[in-house]
Amino acid sequence: VYLEHSGTKFWRCIHTSAKKVTLSFGKCGSEGRTMVKTDFKNRGEAETYFEKQVGTKRKAGYVDASDPKSSKKKPSSTAGKRKKSENDKNVAGPVAKKSNTKKAGLKGHAAPDMVGGKSDKVDVDTGVSQVNAALASRSKVHETFNARLAHVDVSKNSDRYYILQVLVDEKKKSGKKKSPGPDHYLFTRWGRTGTSGQGKLDGPFADEEEVGLKFAKQFQSKTGVQWKKAVRGASPKAGKYEYLERVDSTSKEGSWYYYLTNDPLGKCDGWYEYESQNSAEVEELYSDYYSAKKVSRLALRQIHSESSGFTYGVDLSNLTQ
């Protein structure tokens, strides 16, 4: 992530490996200072630190900007390359489309429900509009290639989500030369439960098969399970994400309150309603818990509130916080 403040100061944060985060900062146009942090216990702790640092800077007024280091062109070389002949040009085969990757912070977009129901329809994630508003308005989610994952480890205070959606764009706006069939994109979104997280959009891909392979590879990297063998609601592998059951869209939403006593900030004892975003999040977590037949591994959840900065522990089996 590369951010700037008023065009005078820059800040760069890179999650370079599983347990390593590199920070750079200083005046725009200078090399600045670099700090490397490696004292993380695991990847999850490094990701949490990364997201917290990014969120802090955005709140301080830093905004996304073009990273001058990534925009430098690499020197080209023709050594060892074979010139294409006319025979090469005439070989029949699928024409690959240029694939672009767009990544963005999704502050203000809560993690969505991927509801099912009789129609088994999944809505396009609200975060897509932050990356490509036009695509979000005209695309639909592939009926097969979509998944919602969760990584819950109470012992490490880790509660995270990961969303994958293949988007089908049948009303594509790809210019004069239009290839047959719709365009396909892969959208992924991840973060701490209760937060907006980050989103990434890859594509367009040449066809459904190509984007399907990309989807399957990403799914397996998160769950440790091959996509063709994946089963919703199955117990997750150690240290990996769980493939969640689809929530029934016909279920009714409830209202969530908590009872407060001895508040260190001076609030009176009594019942208080959850903030709207956190209430929706608890409702979704309870729906996940209920749809999974109330398995104990999804009973204890942690929700991080971006507005207050607090993390709430919720016991869904006893309905306590």
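A salt bridge is taken here as a side-chain nitrogen of Lys or Arg within 4 Å of a carboxyl oxygen of Asp or Glu. On that basis Glu47, Glu51 and Arg160 are linked in a network of salt bridges. The model is predicted.

**Salt bridges**

The count under this rule is 10 salt bridges. Three of the pairs are listed below, including the distance between nitrogen and oxygen.

| Asp39 | Lys37 | 3.0 Å |

In the pair of Asp39 and Lys37, Asp39 is exposed at a relative accessible area of 54%, while Lys37 is partly exposed at 25%.

Asp169 has 0% relative accessibility and counts as buried; Arg138, at 23%, counts as partly exposed.

Glu242 lies in strand β11 (residues 242-243) and Arg297 in the loop between α6 (276-291) and β14 (300-304), so the pair ties together parts that are 55 residues apart in sequence. Glu242 is buried, its relative accessible area being 4%, and Arg297 is partly exposed at 27%.

**Chain as a whole**

The chain holds 6 helices and 15 strands. It has 321 residues, of which 37% count as buried. Of the contacts between residues at least 6 apart in sequence, 55% join residues at least 24 apart.

Five strands form an open sheet with antiparallel pairing, in the order β4-β3-β2-β1-β5. Strands β4 (33-37) and β5 (63-64) stand at the edges with a single partner strand each, so one side of each has no neighbour in the sheet. Strand β1 (residues 2-5) pairs with β5 in the antiparallel sense over 2 bridges, and Leu3 stands opposite Asp64 in β5.

Helix α1 (residues 43-59) lies across β1, β2 (9-17), β3 (20-27), β4 and β5. Its direction is at about 170° to β2.

The loop between β3 and β4 contains Gly29. Gly29 is exposed, with a relative accessible area of 88%. Between Gly29 and Lys9 there are 8.8 Å in space, C-alpha to C-alpha, and the two are 20 residues apart in sequence.

**The β9-β10 hairpin**

Strand β9 (residues 183-192) pairs with β10 in the antiparallel sense over 6 bridges. Thr188 stands opposite Lys200 in β10. The two strands form a hairpin with 5 residues between them, and Gly194 in the turn has a positive phi of about 100°. Strand β10 (residues 198-205) is mostly covered, with 7 of its 8 residues buried.

**A nonpolar surface patch**

Tyr257, Tyr259 and Trp271 make up a nonpolar patch on the surface, and together they have about 420 Å² of accessible area. Tyr257 is in strand β12 (residues 257-260). Its relative accessibility is 45%, so Tyr257 counts as partly exposed.

Key:
Residues are numbered from 1 along each chain as its sequence is written. This is a predicted model: local features need pLDDT of at least 70, side-chain atom pairs count only at pLDDT 80 or more; totals for chains, interfaces and linings use all residues. Side-chain values use heavy atoms; hydrogens and water are left out. Two strands pair if DSSP finds at least two bridges between them. Helices (H or I, at least four residues) and strands (E, at least two) are DSSP runs, numbered from the N terminus. Contact means heavy atoms within 4.5 Å. Axes are lines fitted to C-alpha atoms, for helices over the stretch in contact, and angles run from 0 to 180 degrees between N-to-C directions. Buried means under 20% relative accessible area, exposed over 50%, partly exposed in between (1.4 Å probe, protein chains only). Patches are made of residues with over 30% relative accessible area and no salt bridge: like charges are joined within 9 Å, nonpolar side chains (Val, Leu, Ile, Met, Phe, Trp, Tyr) within 5 Å. Accessible areas come from the Shrake-Rupley method with a 1.4 Å probe; for residues, only the protein chains shown count as cover.
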